[in-house]
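This report describes the fold and selected local features of one protein chain. Please consult the sequence and the model shown here alongside the text.

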Amino acid sequence: MEQVHLAGSGTPGSRKGPLRVLLVMLLTALVLGGAVPYVAGPGRSYLSYLVLAEQLGAGGSALAAQEARAAGGDVVQDYPQIGAVLAYATGGFAETVRARPGIAAVGATRTAPVPSPPRPLNGAGGFGSGTAADALDVPDAGDDTTATLPDPGEQDSWNIAMLGAGVRPGVETSAALLRTPAAERGVPAPEALHKVMVAVLDSGVDDTHPDLRDAVDPKSSVSCADGRPDARFGAWRPDDGVNESGHGTHVAGIVGAVRDGHGVMGVAPGVRIGAVRLLGPLGQYYAENIVCGMIWAADHGAKAVNNSYFADPWKYNCPQDPDQAAVVAAVSRAVEYARGKGAVVVASAGNDGQDLGAPRQDDRSPNDRVSGPPQSRELGVECIRLPGELPGVVTVTSVNRDGQPSAYSNYGRGKVSLAAPGGDPDSGVPGAVVSDWPGGQYTALAGTSMAAAHVTGAVAVAAVLHPDWNSERLSALLASTAAAACPPVVRGCGDREYYGAGIVTLPR
């Protein structure tokens, strides 16, 4: 997840260390019993694999399943939309299947083995709409290590004002803009926005939050926490037993919290939100979770797909590694499928302060290991973050309250698309982005996660104005609107290296 903690806030960092992951695994298995979707097998250990056929579509996925089973794999999910399957296997599975005719790529999506394939889902597992059966428990107040705030009453929403003002660096946004009627600020009426659905692929969304209870659409919501669509009612909600599970609720509030004088106001108040939980029980965003969520969002008519995270376990995936190459190919197919169905795919640029257009260091991967140090990798520009560096993705950097680039934000000429409010973690609550948190609460976070959510809300506004436009035209509109508000001057928001086309501005 792309957030950085506020100085002195007590908010945890954005990733757990290996020992914490191991502890979570052990406690979950021992204390919660059946909460982990894996059942101990007969002394074996499995990895999950994405198997991609050369042929796209159902014929390709059928071939991929056939070859996976022939090599001893257990196929647990079919992705006919992109000609791929998810399989669990042991031993030399990948090498065997890669050698088969008609197979384009095979790659392990994790480095830490599990004791078995996931147990079957009860009455779910397809890409159809959700059901009202088997309701899950409502989440509690969330992660108690995250500092929460009193109801902000929609005050000092500097981040929303910035989108309407088209400010330049050094120009403070005015809260008076927020008192302007929404129509005069270019925001369509809630009734019009409600015809648009945007998908929030994240840690889950608390749809019982007062700001979000009328926004989240159960029929468009799902859990893809293990790569399989679990459309049972409430499956999309965050698991408070997993660290940072409130992140998706915060992102969803930025996108579309209602405007009612309480809580916070979203960029597109009234928009329908498809809550797609990707965060798995072990705290990872594996590639199969992303593929599942992207396909679900596309098949349910999303006009924008928000991705405020990076794919685990490798922060950057390199094409020379066959496993990582397969992961890139699978996520790329899913992104192209979503874009082809009319969705603008929005992603955070990341919080490492790195130039994505230059060689860089990765000292955090693989982040699902349960022992030992991470690998220290010197990476070339061919190694990419997923999904943010894939072609056609709108990749978003972060700016502070004054419009200046956030120090933590990744950047890179030709690598980033737009900038948006993400906040400064060293400026306390006034300099961060305040939004929703599970259990009807609120908190302040900073990061490119928050920046991406603003762009997703702006896509929803653009989709209301131009309901027949495809993803390319909607993306181009946001770029041109931002560029018009940000002339290319030295150290200004027209600096393409840090801002892309400019700071996102709501189209009119």
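## Basis of the description

The model is predicted: local features require pLDDT of at least 70, side-chain atom pairs count only at pLDDT 80 or more, and totals for chains, interfaces and linings use all residues. Residues are numbered from 1 along each chain as its sequence is written, and side-chain values use heavy atoms, with hydrogens and water left out.

## Overall architecture

The protein chain contains twelve helices and 15 strands. These elements are DSSP runs numbered from the N terminus, with helices (H or I) of at least four residues and strands (E) of at least two. Of the 508 residues, 61% are buried; buried denotes under 20% relative accessible area, exposed over 50%, and partly exposed in between, with a 1.4 Å probe and protein chains only.

Among contacts between residues at least 6 apart in sequence, 78% join residues at least 24 apart, where contact means heavy atoms within 4.5 Å. The chain exposes about 17,700 Å², of which carbon and sulfur atoms supply 54%. Accessible areas come from the Shrake-Rupley method with a 1.4 Å probe, and for residues only the protein chains shown count as cover.

## Helix 6 and its surroundings

Helix 6 (residues 247-256) is mostly covered, since ten of its ten residues are buried. Its buried residues include His 247, Thr 249, Ala 252 and Gly 256. They pack against strand 5 (197-202), strand 7 (272-277), strand 8 (304-307), strand 14 (433-437), strand 15 (441-445) and helix 10.

The axes of helix 6 and helix 10 (residues 448-465) come within 8 Å and cross at roughly 40°, so helix 6 is oblique to helix 10. Axes are lines fitted to C-alpha atoms, for helices over the stretch in contact, and angles run from 0 to 180 degrees between N-to-C directions. Angles under 35 degrees count as roughly parallel, over 145 as roughly antiparallel, 65 to 115 as roughly perpendicular and the rest as oblique. The crossing of helix 6 and helix 10 is right-handed; this term applies if the near helix is turned clockwise from the far one by less than a right angle, and left-handed if anticlockwise. Helix 6 contributes His 247, His 250, Val 251, Ile 254 and Val 255 to the contact, and helix 10 contributes Ser 449, Met 450, Ala 453, His 454, Thr 456 and Gly 457. These residues divide into five nonpolar, six polar and no charged. Ala, Val, Leu, Ile, Met, Phe, Trp, Tyr, Cys and Pro count as nonpolar, Asp, Glu, Lys and Arg as charged, and the others, Gly among them, as polar.

## Helix 10 and helix 11

Helix 10 also packs on helix 11 (residues 471-485): their axes come within 10 Å and cross at roughly 110°, which means that helix 10 is roughly perpendicular to helix 11. Helix 10 passes helix 11 in a right-handed crossing. The contact joins Val 455, Ala 458, Val 459, Ala 462 and Ala 463 of helix 10 to Leu 474, Leu 477 and Leu 478 of helix 11. Its residues comprise eight nonpolar, no polar and no charged.

## Buried loop residues

Val 264 is placed in the loop between helix 6 and strand 7 and is buried, with a relative accessible area of 6%. Val 264 and Ser 435 are 171 residues apart in sequence, yet their C-alpha atoms are 5.9 Å apart in space. Not counting residues up to four places away in sequence, Val 264 touches residues including Pro 152, Glu 154, Asp 211, Val 434 and Tyr 442.

Asn 317 lies in the loop between strand 8 and helix 8 (322-340) and counts as buried at 3% relative accessibility. Asn 317 and Leu 386 are 69 residues apart in sequence and 7.5 Å apart in space, C-alpha to C-alpha.

## Backbone particulars

A cis peptide bond joins Asp 312 and Pro 313, with omega about 0°; Pro 313 is in the loop between strand 8 and helix 8. Another cis peptide bond joins Ser 365 and Pro 366, with omega about -5°.

Glu 154 has a phi near 60°, a positive value in a residue other than glycine, and is buried, with a relative accessible area of 14%. Glu 244 has a positive phi of about 65° although it is not a glycine; Glu 244 lies in the loop between strand 6 (222-223) and helix 6 and is buried, with a relative accessible area of 5%.
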